[in-house]
Amino acid sequence: MVDSKQQWKAWLYLAPAIVLLLIFTVWPIINTVRISFLEGYNAMSAVNGAHFKFGFGNFKKVVEYRGFATCLKNTMLLCVLTVPISTFLALLIAVCLNSIKPLNRLLQTIYFLPYVTNSIAIGMVFAAMFKIVGFSVEGIEQSTSLGIVNNILAVFGAGPVNWMNQGSSYGANIAVMTIYIVWNALPFKILILLGGLQSVNKQYYDAAKVDGTSKVRVFFRITVPLLSPMIAYVVITGFIGGFKEYTSIIGLFGENMGPVGSGADKPLNTMVGFIYDSIELHQGRAGAAALILFGIILVVTLLNLYVSKKRVHY
Amino acid sequence: MKVVLENLTKIFPSRTKGGKEVIAVNDFTFEIPDGKLIGLLGPSGCGKSTTLYMICGLQKPSSGKIFFGEDDVTELTPENRGVGLVFQNYALYPHMTVKQNILFPLQNLKGADKMSKDAMLERAYEAAKLVQIDELMDRKPSELSGGQQQRVAIARALVKMPRVLLLDEPLSNLDARLRLQTREEIKRIQQETGITTVFVTHDQEEAMSISDMIVVMKSGVVQQIGKPQDVYDSPLNLFVAKFLGTPPINVFNGKVENEKLLIGGNAVLDVKGVSDQEVFVGIRPEAFIIDKQGPLECKLLNVEVMGRDVSIVSSHEDSVNPIIRSIVDADNLKEVAQESVHFALKPHKVFIFNKDTEERIYVGNEKEKVEADK
Amino acid sequence: MANETMMEKDMQKVTAKQRVIRIISLVLVYAFLILMALIVLFPFYWMLNSSLKSLEEYRWSIPSLFPHKLRFVNYVTAFKAESLSVSLGQLFVNTAYVGIVSTILSLVVTVLSAFAFARLEFKGKNILFAGLLATMMIPGELFTITNYTTVYRFGWTNTFIVLIVPFLVSVFYIYLLRQNFLQIPNELYLAAKVDGTSDIKYLWKVMIPLSLPTLISITILKMMGAWNSYIWPRLVANDGAHSLITNGLRNAFTDTAGDIDYPVQMAAVALVSLPLFLVFIFLRKYIMKGVSRSGIKG
């Protein structure tokens with residue numbers, strides 16, 4: 001029953017949302033796609049009446065740009081490292097949590113804590129934990145802290161490692177980022193996987209127990225298959241999140257996206273970082289980069305879906 | 001307040017393009033007398049709920065008019081009609097207490113009807129007392145049993161003192177025992193308040209037991225309107241005959257020849273004034289009399305003794321259904337042979353229907369039966 | 001007979017062995033879980049520990065696991081620390097203001113749209129809704145590029161409006177609330193109609209109370225969003241007067257010569273983290289529920 005009064009009312013209720021979405025969501029989609037195909041587009045000259053040639057120039061520029069390869073490499077590397085590690089750890093923690101009763105709620109709360117943090121703020125804490133303080137001051141005798149992480153390593157007879165100070169290696173930098181990103185990504189994954197585990201019918205486990213199935217076998221033959229939709233979900237969202245990694249690196253390394261002394265090169269910059277670096281002066285180029293990012297995310301997501309379609313048991 | 005439905009029709013447009021539209025209610029005309037309890041009865045999808053919603057104002061008729069008394073209410077919104085509606089699943093607001101639920105309709109009154117807080121509370125308690133839930137006013141719906149929730153829903157519908165009370169499948173969510181209790185309760189409340197009440201049900205027993213009048217519907221078309229007993233005793237067509245009564249009526253393929261009704265070649269009844277033709281014969285379970293000389297011979301399947309009555313389950317090759325269920329006096333049981341049973345029939349419990357239109361063409365009357373006994 | 005006792009003995013042996021295995025595995029499970037919990041907690045501990053030390057103590061080559069002398073003054077220093085030409089305290093106020101205003105406005109817009117999508121019938125409803133959902137797939141950066149020039153053209157830079165309005169409508173929140181509204185039986189709406197309840201009153205008296213948990217989840221996610229936003233304010237509101245806390249935090253202690261007062265920095269970080277933690281402690285249930293349904297951080 002569609003009466004005209006209800007129609008009119010519905011549109012009235014939707015009006016604020018629609019107006020805002022038109023300006024800040026729909027128009028940007030159209031416009032960003034448009035300007036990414038206008039070679040060398042920038043808003044300032046556009047206002048002054050400049051005309052831009054239609055073509056793939058922006059995309060070409062982005063791909064040929066030296067910094068872009070670095071950004072792409074860093075982003076990919078972080079995705080490939082953090083998603084499997086965090087998913088595996090989260091799965092292990094979730095399964096363990098699901099098997100215990102005492103301390104369950106307390107531990108759940110603790111594991112969730114990293115979620116309610118400011119990724120810049122805690123990034124700064126991680127930096128403090130990894131950094132050597134007083135290291136670079138020459139000539140003047142000063143007490144030096146190697147950073148708590150190196151202190152702990154020393155207990156096991158390892159280190160010290162120059163994680164992120166001036167002159168630190170790329171591998172050490174990536175290691176710090178991976179640790180931080182995994183730490184940050186765990187809560188969400190644990191929550192989703194634990195939710196999945198709790199909805200698994202207990203009868204499957206009882207049946208397995210009656211059959212005398214071993215715990216390891218239960219994990220791989222029952223838990224993982226039954227949980228596969230949730231696992232697929234956290235992997236997909238993990239990749240999407242990984243491709244958008246940016247603020248956690250700012251938290252760790254600051255706005256120059258690299259250890260002190262790396263200057264304007266931003267050796268640890270990411271795709272999103274690249275987009276924001278061009279946003280103020282080269283909107284056309286930023287748009288092209290955003291479309292490339294969107295394309296990559298789309299391909300990876302579809303790839304994930306394809307794999308999970310073959311592997312996921314619903 | 002009498003309620004008049006005049007050529008009421010509701011057509012739902014088809015959901016898919018080019019699909020068929022659905023005629024939910026077709027040309028329904030009826031005058032509901034003031035202060036009566038009316039049951040709208042029919043299988044699901046027959047248009048009974050749509051009729052109720054149109055009386056209520058939640059759905060607009062495609063054509064036709066609705067009057068409350070002399071007022072044409074066809075174009076009025078529900079709140080301006082003065083109706084109370086009780087939903088099948090009660091639709092109590094789960095976050096409000098019983099009291100808040102009952103008060104809710106009163107708080108919506110505007111202008112001249114606006115009431116003071118005390119007056120509202122008094123009204124709410126009055127309504128609650130009527131349905132005997134005044135002890136439960138501070139509970140939440142989730143803390144009540146199904147029957148109690150039902151009462152709250154009725155109290156909420158009554159609190160505005162509606163001109164017409166509408167109940168949508170009021171008993172379907174209750175268990176068997178509560179159902180019996182609640183239907184007496186509805187009858188009592190209706191009689192106490194004297195509000196014209198319309199309720200919808202698919203359960204013929206429920207409708208028969210409490211209604212002053214019943215309306216039997218099938219695919220949007222009214223089949224018969226009348227007092228429950230009249231409709232039962234004199235169904236206008238095969239559908240109505242089949243729909244009313246438990247156990248249901250037994251239907252046979254029969255033939256009329258020379259004013260005699262034949263089932264399986266045997267003349268079972270005299271039928272004056274009926275021309276020769278193939279017919280359906282409807283025989284109520286209570287129409288069977290065990291009689292060694294009886295003309296209707298059936299194959300005996302089972303005898304179920306249920307205290308006062310005995311139900312005989314048998315079969316006959318001209319029966320439309322695989323089994324025939326008859327209810328007879330326990331006294332005559334010794335007449336039953338091992339393999340077959342012979343019946344005589346009470347003429348006024350036998351109906352003859354046209355084979356094509358399924359309209360009733362004959363029913364015997366009680367006098368004839370008395371004559372036959374002589 | 002002898003056979004039977006043999007078997008019984010075997011059985012006992014097996015159960016005894018199984019019991020030992022079970023205890024060992026339980027110990028291992030707890031050990032793993034507690035170790036992981038300590039790793040998760042460690043940064044928070046280190047933040048608090050460091051924030052109460054003097055810079056000298058912080059630089060000890062063998063770190064102290066608990067400050068020798070608790071220097072709460074670090075927190076006062078942090079609060080007053082200048083960043084982007086204003087104090088961190090001012091940035092706290094800015095962030096709270098933006099967070100509260102944008103949350104309230106966002107709730108109003110979300111509730112109205114979700115109601116229209118869940119309860120009202122209008123032409124093109126399904127197409128419109130599907131269209132909105134489709135925009136959720138597109139990465140936010142794509143919007144930001146054009147929005148950046150749009151707000152410049154509107155002259156909104158360095159105002160609070162620019163921090164509130166562009167991200168007021170979240171398709172995701174509308175979706176979440178619509179799902180919740182749909183779970184409320186339609187009969188309640190019809191019952192209210194029969195009683196003459198207006199749409200707005202029905203919304204206020206029935207739908208909002210019934211979907212309170214979802215609304216709380218949305219509130220918290222939106223607040224967290226404001227509290228953690230960094231990129232957008234850095235682009236369009238970087239004059240200090242309208243900057244938000246995260247921008248100030250990162251800028252107050254920019255790493256140049258390596259001679260940062262780390263304890264004060266950690267105190268500032270603790271101050272920034274505190275409000276979120278408090279909210280989490282009180283509304284843990286709603287946050288976890290909201291997040292498990294939401295999927296994407298912030």
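Two strands are taken to pair if DSSP finds at least two bridges between them. Helices (H or I, at least four residues) and strands (E, at least two) are DSSP runs, numbered from the N terminus. The structure is a predicted model, in which local features need pLDDT of at least 70 and side-chain atom pairs count only at pLDDT 80 or more, while totals for chains, interfaces and linings use all residues. Residues are numbered from 1 along each chain as its sequence is written, and chains are lettered from A and ligands numbered from 1 in the order in which they are written.

In chain B, strand β9 (residues 213-218) runs antiparallel to β10(B), to which it is joined by five bridges. Within this pair, V216(B) lies opposite Q224(B) in β10(B). Both strands belong to an open sheet of six strands with mixed pairing, ordered β6-β7-β8-β3-β9-β10. Its edges are formed by β6 (83-86) and β10 (221-226) of chain B, each of which pairs on one side only. The twist from one strand to the next averages 15°.

Six bridges connect β17 (residues 309-315) of chain B with β18(B) in the antiparallel sense; V310(B) is placed opposite V328(B) of β18(B).

Chain B is divided into domain 1 (3-237) and domain 2 (247-373), with bounds that come from an automatic or database domain assignment. The centres of the two domains of chain B, taken over C-alpha atoms, are separated by 39 Å. Four residues of domain 1 of chain B and six residues of domain 2 of chain B make up the contact, where two residues are in contact if their C-beta atoms, placed from the backbone, lie within 7 Å.

Between chains A and C, the contact takes 80 residues from chain A and 73 residues from chain C. On the side of chain A that touches chain C, helix α1 (residues 4-36) of chain A gives the most, with 19 residues. This side of chain A comprises 54 nonpolar, 23 polar and three charged residues; Ala, Val, Leu, Ile, Met, Phe, Trp, Tyr, Cys and Pro count as nonpolar, Asp, Glu, Lys and Arg as charged, and the others, Gly among them, as polar.

Technical notes. Axes are lines fitted to C-alpha atoms, for helices over the stretch in contact, and angles run from 0 to 180 degrees between N-to-C directions.
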